[in-house]
Amino acid sequence: MGSFNSRILRQPESEIAEPREPEPQSGPRYVSRSRKRRQSCGPSLDQESGNSSTSLDQQENLQIASTSCSKKLKITSESAYQTLFLNMETSDIKIRALGKVWYLHKMFLCQSDYFATMFTGSWKDCQEDIIDLDVNDPNIDTESLRFVLGSLYRPEFVLSEPLQVPRVLATAHLLRVEDLIWQCAEAMKKAINVKTVCSYYAAAEKYGLHSVKRRCFEWLLHNLMTHPSVELYKELNVELMNLLHSSSNLLVMQKELDVYTTLKVWMFLRLNPAWKGSTKQLLIHANNWFSRHKEGAGNIAFLETKQGITFQPVFKNLRFQHMICGLASTRVIEQDTLIPSEWLSYVYKQQWFTLLKAQQCRETGPQYINETELEKYSMRCGRRIAKNGKYSWKWSGYNFGFPLHVTFTSHYIIFKQYTYNYSCNSSEPQRNIAFRLTLVSFDSSGNVTFSKTTGYKILTFAKDEEQMVMNLDGIVLRFPLYIFCNFLFVSSDNPGN
């Protein structure tokens with residue numbers, strides 16, 4: 001671990017403010033400790049004038065005043081850290097942990113709820129002057145423990161490098177230093193990126209920082225497919241990947257088949273963590289690796305093998321009904337032989353039943369918005385718009401007789417039921433679709449800088465009718481811009497869903 005000397009945050013007493021960067025300066029950088037420390041159970045230090053000397057025997061700069069446990073410990077001398085913590089002068093308690101002994105002071109340690117409870121409880125009348133601190137958390141090391149203990153001596157403290165914050169958080173959680181926990185949470189929210197997101201998510205989940213965990217999960221939903229990363233895929237465990245790809249809020253690039261492709265390369269990396277290469281090379285190497293396995297495994301699907309069975313829960317939640325609606329995507333899934341044939345047989349059966357019902361029961365599409373159904377069964381699509389201009393496209397697939405075309409300009413987004421030269425037209429004069437459209441822009445760290453959504457809606461289209469689904473007049477768009485849609489083409493009582 002390196003020294004903790006980078007990010008600085010400030011929080012006013014009256015309200016919780018967003019962290020902000022300090023002015024550049026040489027040497028260590030500090031911020032005022034604005035969050036209230038817990039009450040002291042010992043004397044306090046007040047600075048009357050100038051810098052304190054290196055000894056508490058010289059009283060002209062540091063004054064020691066007796067106080068009860070009910071009063072706030074006031075520390076206004078920055079030299080307290082140097083004099084008492086680093087120089088270990090006038091120590092009245094020792095802490096032994098991780099093979100090291102710290103010479104400390106009860107009145108400062110009482111700012112930690114852990115030590116305050118100890119000193120007013122079992123240790124109140126104890127004559128021992130050394131505490132053996134049990135540290136069983138592998139996230140805690142001597143450097144993070146030194147930092148957290150030292151922070152109790154400072155009227156202001158320095159937060160760590162982004163990758164080191166989880167260790168400081170773990171130590172602050174053990175010693176129950178609430179203001180430092182808050183500072184860690186704020187630092188983590190500001191530093192989420194491809195290098196930190198997985199460790200932050202794990203730390204937030206372990207130590208109960210729900211807002212940080214939620215922020216990390218949202219970042220992953222936004223970036224998993226829009227900004228693919230070899231190192232990120234290697235870090236994502238089975239449980240987290242299952243939550244991500246199952247979410248209707250996952251920003252899917254292209255179509256549902258691309259979710260399958262993402263899981264395929266992710267599984268390859270989890271099984272081959274030493275692989276090194278670019279994202280452009282990843283799919284080719286993954287396909288070759290699975291092909292070699294298929295040659296030796298015969299007709300057994302990879303997910304039924306000893307290596308693959310761990311990944312079954314993730315692949316079971318794929319939305320196969322939106323993948324087998326096109327010949328090319330169906331061939332990819334069949335030729336890969338990753339998915340057990342029993343899974344696919346069930347999907348084929350259900351989709352055939354849905355098709356028959358749509359054709360013979362005069363399917364007109366969803367009649368009302370069922371958000372639970374849309375969250376679980378909608379088809380997710382996405383497209384990247386590199387620069388300003390007019391674009392028109394369709395996401396391929398049968399879509400139960402609804403050939404949907406999308407047109408984008410900087411002024412509007414239009415949906416059109418384009419039936420010209422479409423051989424599978426529905427016999428119904430009007431069709432409904434349920435949808436949600438979302439526009440997103442990102443900064444260089446993958447954080448959302450712009451977002452606009454329609455929410456879930458139902459539109460009714462006549463043949464070849466077009467409708468504006470989003471008005472963009474007066475909005476300054478930043479490119480590249482990402483467009484994402486959730487669609488449902490058949491009614492809620494249709495078992496194909």
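Author: Begin with burial. Buried means under 20% relative accessible area, and exposed means over 50%. This is a predicted model. Aspartate 336 has a relative accessible area of 16%, so aspartate 336 is buried.

Reader: What does aspartate 336 meet in a salt bridge?

Author: The general idea comes first. A salt bridge needs a side-chain nitrogen of Lys or Arg within 4 Å of a carboxyl oxygen of Asp or Glu. Aspartate 336 meets lysine 264, at 2.8 Å from N to O. Aspartate 336 sits in helix H14 and lysine 264 in helix H11, so the pair ties together parts 72 residues apart in sequence. Lysine 264 has 3% relative accessibility and counts as buried.

Reader: How many salt bridges does the whole structure hold?

Author: A search finds 9. One of them joins aspartate 137 to lysine 206, with the closest N and O atoms 3.3 Å apart. Aspartate 137 is in the loop between strand S5 and H4, while lysine 206 is in helix H7, 69 residues apart. Aspartate 137 is buried, at 15%. Lysine 206 is partly exposed, at 46%.

Reader: How do I read two packed helices?

Author: Use the angle between their axes and the distance between the axes. Here, the axes of H4 and H5 come within 9 Å and cross at roughly 55 degrees. H4 and H5 are therefore oblique to each other. The crossing is right-handed.

Reader: Which residues of H4 meet H5?

Author: Ser144, Leu145, Phe147, Val148 and Leu149 do. Their partners in H5 are Arg167, Val168, Thr171, Ala172 and Leu175. The contact residues divide into 7 nonpolar, 2 polar and 1 charged.

Note on methods. Residues numbered from 1 in each chain as written. Predicted model: local features only at pLDDT ≥ 70, side-chain atom pairs only at ≥ 80, totals over all residues. Heavy atoms only, no water. Axes fitted to C-alpha atoms, helices over the stretch in contact; angles between N-to-C directions. Helix = DSSP H or I, 4+ residues; strand = E, 2+ residues; numbered from the N terminus. Parallel < 35°, antiparallel > 145°, perpendicular 65-115°, else oblique. Left-handed = near helix turned anticlockwise from the far one by under 90°. Contact = heavy atoms within 4.5 Å. Nonpolar A, V, L, I, M, F, W, Y, C, P; charged D, E, K, R; others polar. Buried < 20%, exposed > 50% of the residue type's maximum accessible area, 1.4 Å probe, protein only.
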